[in-house]
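Hi,

Here is the structure I promised to pass on.

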Amino acid sequence: MKVSEIIQEKHEGDLETRKLLSGERSSWPEKGRLEFKNVVMRYRANTDIVLKDLSFTIEAGHRIGVVGRTGAGKSTLANVITRLCEIEEGRVLY
């Protein structure tokens, strides 16, 4: 591909803008609500559970902070939200 062809390529932003203007629905959620329902997570089979029956809801537009001591599960929580780790039980609703 030539440099002039690359420059003339449509950018993702242009495509998303056209979709919004045309009324096409995006795959993104319309509201930023996050809900954990009885989430249980462990990193590998036969290891200790690191998130035990965790339930909470963060409503759209709210800001939260996660604090705690070393080993409390802060990074694990982020891994579950970003789907880097699978949960064993429960549900995460976006």
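By a nonpolar core I mean a set of buried Ala, Val, Leu, Ile, Met, Phe, Trp, Tyr and Cys residues joined through side-chain atoms within 4.5 Å. Buried is under 20% relative accessible area, exposed is over 50%, and partly exposed is in between (1.4 Å probe, protein chains only). Keep in mind that this is a predicted model: local features need pLDDT of at least 70, side-chain atom pairs count only at pLDDT 80 or more, and totals for chains, interfaces and linings use all residues. Residues are numbered from 1 along each chain as its sequence is written, and side-chain values use heavy atoms, with hydrogens and water left out.

The largest nonpolar core has 10 residues, among them Leu34, Phe36, Leu51, Ile58 and Leu77. Strand E1 (34–41), strand E2 (51–58) and helix H3 (74–81) each give two or more residues to this core, and E1 gives the most, with 4. (Helices, H or I with at least four residues, and strands, E with at least two, are DSSP runs numbered from the N terminus.)

There is 1 aromatic pair in the whole structure. Phenylalanine 36 and phenylalanine 56 have ring centres 4.6 Å apart and planes at 20 degrees, so they are stacked (Phe, Tyr and Trp rings, six-membered for Trp, pair with centres within 6.5 Å; planes under 30 degrees apart are stacked, over 60 edge-to-face, the rest tilted). Phenylalanine 36 is buried at 1% relative accessibility, while phenylalanine 56 is partly exposed at 24%.

In H3, the buried residues are Thr76, Leu77 and Val80.

Cheers
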